[in-house]
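Subject: Structure for your review

Hello,

Please find the sequence and the structure below.

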Amino acid sequence: MIEVQDVTKRYGGLVAVNHASFRVGPGEVLGYLGPNGSGKSTTVKMLVGLMPPSHGRVLFDGSDIQDDLIAYKAQVGYVPEEAHVYSYLTGPEYLRLVGRLRGIPPVRLESKIDRFLALFGLDTDYHAPLTSYSKGMRQKILLSAALLHNPRVVVLDEPASGLDVSTALVLRAVVRTLAAEQRIIFYSSHELETIEKISTRVIILRSGRIVADDSAARLRELMHLPSLEDVFAQLAVKDNVDQIADGLMAAIQM
Amino acid sequence: MVDRGSGPTPSAQFRPLTETFLARFFENEVTSGRTDLRTSFFWVVAVLAGPGLLGVVYRQFAWSEVTMRHGGEALAAYVLFDKSLYLVITFVAIGFVSAVAWPSLSLDRRDGLILGALPLRLRVIVAAKLVAVGVYILVLSAGMHGLTALLVGGALGAGVSLDMVGRGIAAHLIASSALGVFVFAAAAGVQATALALLGPKQFARVSAVLQVLFVGIATAALIELPAISAAAPATLAGLGSAAPTPWILYAPPIWFLGLYETVAGSQLSVMHDLAGTATGALAISVLVTVTAYPIACRRVLLATVQGGASGVTPWVRGAMAKLPWLLARNLPTRAAIQFTLSTFSRVSRQRLIISAAIGLGVTAVTPIALAWLSQGSGPPSRRLMTALAALPVLLIVCLVTALRVAAAAPAELPARWVFAVAPAPLLAGREALRRIMIAVGSLPIIVVSGVVWWIYWGVAPAIGHVAVTVLAALTLIEIHLWGVVAIPCTRLLSPGSANIQARWPAYVVGLVLFCVELPQAEAALARTEWGLFVMIALLGLLYIVIRRASIAASVVAARSEDTGSLLLLDLSMPPSKGFK
């Protein structure tokens, strides 16, 4: 169980996440939604232990993750929003680095790498450096690196970014299966349709504050709206969409 | 079921991490081929080891003669000059290597984002990084000094005893490697201390200054190389006809000469004292590095996760915004200028190249300026006048070459598609770089130099000097732009296509022509009635011919998609080719 308790993150005077509290347990897929700049990625970074909260705590199995960050990170698989990799390495070299840093025995690591690459269709690019990979190919490497050590907690920040349709569908199926195996899944994304289909619960963030926390079906029912998109538009979209679109058209035609 | 391995242990994590950090010195995304930089590294080792090796081979005959005539002990004193020369060359070479390796010495934002989410302790990351830096300098030292140590030890001890051969080899290897480690550790230590004290954001602002300082010290040592080496025997052992020069005792290569002699078995107390200073300096530089590194790494890791550091000061931002409007009316050229100037001022690789050039230029011209200022109010000698005429040309050569190399180095390659889809004219990138080279690399120097000429020697000589310098700068710029097509910083670097091993004579001849022959001709012809006018006319003609040929070469390169280029680092691949 991961429990976020009254967490706030400040960057100087800017409050990125404001007193957020939620829980996500084994077998759950928590969809995390919010417009740009609402604090999604900041929450993710605190959740994976990349940075500590300014206030509040993140608990894992009842203990503050900051008490033994290394032990906690060993349980977490993380796909970052930005595809940062050592691009002078090849795909297998990068996975080997991550696997070795995570302490996976060499023989098991090599066979895992081969299987991941084959399943993601990257085995033909075995000797190519990551700098030559497309965005989707890099994303597959990041997904492989996140799942290589069979983590208990999977934190995905825009994991389908750049993936082709079939791989995105495979990812959805993998997320569901992982949840069925009692892993804790945290899925942050802008893709409302995906979130609606795979999440057991949805959190909507607006300006760093949680404005909704329930299942997608219950949110629709409570707000008497036909889709999660409408719920999101009502709760999180501050701007008048039509007015901005008109303004943009005027700017284009200037 | 969740099934995990035995779990990561710090010792198991240390090796792969060290390998990754070490690989960054040899390979990166800058190069077009995976082995390109590695090949270049071996060339670097060969170039660094070359002078020492050739020196030993060349001097062996003289050493044999001294041994035969005066015995082994006399030789030990005689070779002090050669040893100090070798150590100063090592000091200069490793100084330049440290400046080049500057961005790889500490952790960066990418390290923070990749490693931060992994179960790694800070001490493992710090230890791996330190070991990678240590292995790099040791590999470099072994490559640079290994063979020379065998030759020197063999040559100096052959006539004495086998023990002396062994001591000679050990002394050469230990002293020269220790000097290299001292210089590299000093660079790493200064960087780590600055990072630890200032944090990444402020450090980004002072980093370029520190690089300039490093290159400046190395260049100063290069300039003083003959003086230090010539003064060493007289100052340290009371040998030769030269007067003792106590200031050389403050030069780090001389400290390590003391270490060299002490390991080789010298009984001179001055050598033992210098060896003590060398050992102390080495220990302090290593200690400072090891102490400051963990703090620096922690600050980098924390700061990179929370947001990128910007090293651009407001006045630089303002200048970057206004210059494109002043330099070009054509909109695509203006866009290319804006992009290039922003890249030069914000991307660390480009900043390093330009900083190094400024350091090199300033250090090269400082002795000339000092000689002029110290000579009093009388008219300068012809030799000094020639040196003064060479001063702006030297600076322009440094800056224009640096701008060319900075333009050839890539920045954010995945973003270059923006130029491929924009309907820019064929030579917009070339024209942008030309105008930047004129406005940033030449004009300020010419203006300052012209004003100084006008104040000290009057209007007419100032006009003549400015005309010669302007035409020389424009010609130099056209030569640098030979075959250039792409928007600066938007293609992979191909050090191999520079073909330095085959073209270096041309570069040396060009350098001598611009920095020695041209100022000499200017100084000589300035005293004649029409000589300078003839020279200006000839230079003008040369400029027109070279400009036409240079543009034609760029057009041909663009149409034929020829990736080759005449000059230092080719930039001629059209932007439409090879995008990922």
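In chain A, strand β1 (residues 2–11) runs antiparallel to strand β4 (residues 55–60), and 5 bridges join the two. Please keep in mind that the model is predicted.

These two strands belong to an open sheet of 4 strands in chain A, with the order β2-β1-β4-β5 and antiparallel pairing. The edges are β2 (14–24) and β5 (63–64) of chain A; each has a single partner strand, so one side of each has no neighbour in the sheet. Helix α1 (residues 40–47) of chain A lies across β1, β2 and β4 of chain A, and runs at about 120 degrees to β1(A).

Chain A also has an open sheet of 6 strands, ordered β6-β7-β8-β3-β9-β10, and here the pairing is mixed. At its edges stand β6 (76–79) and β10 (209–214) of chain A, which have a single partner strand each, so one side of each is left without a neighbour in the sheet. On average, neighbouring strands of this sheet are turned by 15 degrees against each other, direction ignored.

Within the sheet of 6 strands, a parallel pairing links strand β3 (residues 29–33) of chain A to strand β9 (residues 201–206) of chain A over 4 bridges. There, A:Gly31 stands opposite A:Val202 of β9(A). Helix α5 (residues 135–147) of chain A lies across β6 and β7 (153–157) of chain A, at about 170 degrees to β6(A). Helix α8 (residues 216–223) of chain A packs on the sheet and touches β9 and β10 of chain A, its direction making about 105 degrees with that of β10(A).

Now the interface. Chain B and chain A bury about 3,400 Å² between them, with 60% of it on carbon and sulfur atoms. The contact takes 39 residues from chain B and 37 residues from chain A. There is 1 salt bridge between the chains: the side chains of A:Arg100 and B:Glu19 meet at 3.3 Å, N to O. Polar contacts between chain B and chain A come to 5 residue pairs, both residues at pLDDT 80 or more.

On the side of chain B that touches chain A, the elements giving two or more residues are α1 (10–26), α5 (109–115) and α9 (269–306) of chain B. Of these, α1(B) gives the largest share, 10 residues. By class, that side of chain B has 17 nonpolar, 9 polar and 13 charged residues.

Regards

Conventions. Residues are numbered from 1 along each chain as its sequence is written. Chains are lettered from A and ligands numbered from 1 in the order in which they are written. This is a predicted model: local features need pLDDT of at least 70, side-chain atom pairs count only at pLDDT 80 or more; totals for chains, interfaces and linings use all residues. Side-chain values use heavy atoms; hydrogens and water are left out. Contact means heavy atoms within 4.5 Å. Buried area is the accessible area (1.4 Å probe) that two parts lose on being put together, summed over both. A salt bridge is a side-chain nitrogen of Lys or Arg within 4 Å of a carboxyl oxygen of Asp or Glu. A polar contact is a pair of N or O atoms within 3.5 Å; within protein, one must be able to donate a hydrogen and the other to accept it, and residues adjacent in sequence count only if both atoms are side-chain atoms. Ala, Val, Leu, Ile, Met, Phe, Trp, Tyr, Cys and Pro count as nonpolar, Asp, Glu, Lys and Arg as charged, and the others, Gly among them, as polar. Two strands pair if DSSP finds at least two bridges between them. Axes are lines fitted to C-alpha atoms, for helices over the stretch in contact, and angles run from 0 to 180 degrees between N-to-C directions.
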